[in-house]
Amino acid sequence: MEKMGKADTHVHTFYSGFNTLGLMSFPESVIPPERQVDDARRRGLNVLCITDHNEVAGGFRAQEYAKQFDDIEVVVGDEVMCDEGEVIGLWLTEKPKKYLSPEEAVDIIHEQGGLAIAPHPFSVHVDGLQERILDLPLEGIEVMNGGHPEIYSN
């Protein structure tokens, strides 16, 4: 029987840049990709998905760094800002354009051989896909997000 592992499928690095909440602007993350890999290994993760906002460079950088270790796989992803919410693409080979429709983003992710996931679909802090998750050909839906602790979001 194959051993099960642990994964985090929604991790940002400093490549995500800044986001805003009301009048406040804050970095989505201040952590370099290499440190995210080191932290993931320390926590016993086997898979780390780097899903910076509208950027894949952090994922490729973390993936290259992780090649020296045999206990972790890094998946290149992107949290794509769509015109109606966000879609995470995993196992990407290039950065999708932002501000597409969710349908277009999912198609582009699938064309790259990737998986499409709806992050924080019901968050009250950021645009989520809401009930659109029921109509899109998604492979996953995020059901727990530490950055969106309210009960309704999770």
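This note goes through the fold, surface, salt bridges and aromatic contacts of a predicted model.

1. Basis. Local features need pLDDT of at least 70 and side-chain atom pairs count only at pLDDT 80 or more, while totals for chains, interfaces and linings use all residues. Residues are numbered from 1 along each chain as its sequence is written, and side-chain values use heavy atoms, with hydrogens and water left out.

2. Fold. The protein chain has three helices and eight strands. Helices (H or I, at least four residues) and strands (E, at least two) are DSSP runs, numbered from the N terminus. Their order along the sequence is β-β-β-α-β-α-β-β-α-β-β.

3. Contacts. A contact means heavy atoms within 4.5 Å. Take the contacts between residues at least 6 apart in sequence: 54% of them join residues at least 24 apart.

4. Surface. The chain's accessible surface is about 8,600 Å², and carbon and sulfur atoms hold 55% of that. Areas come from the Shrake-Rupley method with a 1.4 Å probe; for residues, only the protein chains shown count as cover. Of the 154 residues, 45% count as buried. Buried means under 20% relative accessible area, exposed over 50%, and partly exposed in between (1.4 Å probe, protein chains only).

5. Salt bridges. The count is nine, each a side-chain nitrogen of Lys or Arg within 4 Å of a carboxyl oxygen of Asp or Glu. One of them pairs glutamate 34 with arginine 61, with the closest N and O atoms 2.7 Å apart. Glutamate 34 is in helix α1 (residues 33–42) and arginine 61 in helix α2 (residues 57–66), so this pair ties together parts 27 residues apart in sequence. Arginine 61 is partly exposed, at 31%.

6. Within helix α1. Arginine 42 bridges to aspartate 39, closest N and O atoms 2.4 Å apart. Both lie in helix α1, three residues apart, about one turn of the helix. Arginine 42 is exposed at 63% relative accessibility; aspartate 39 is buried at 15%. Salt bridges that share partners join Arg35, Asp39 and Arg42 into one network.

7. Another bridge. Glutamate 64 and lysine 67 meet at 3.0 Å, N to O. Lysine 67 is exposed, at 61%.

8. Rings. There are two aromatic pairs. Rings of Phe, Tyr and Trp (its six-membered ring) pair if their centres lie within 6.5 Å; planes under 30 degrees apart count as stacked, over 60 as edge-to-face and the rest as tilted. Tyrosine 65 and phenylalanine 69 have ring centres 5.5 Å apart and planes at 70 degrees, so they are edge-to-face. Tyrosine 65 is partly exposed at 23%.

9. Charge over a ring. Arginine 41 lies over the face of phenylalanine 69, 3.8 Å from the ring centre. The criterion is NZ of Lys or CZ of Arg within 6 Å of the ring centre and within 35 degrees of the ring normal.
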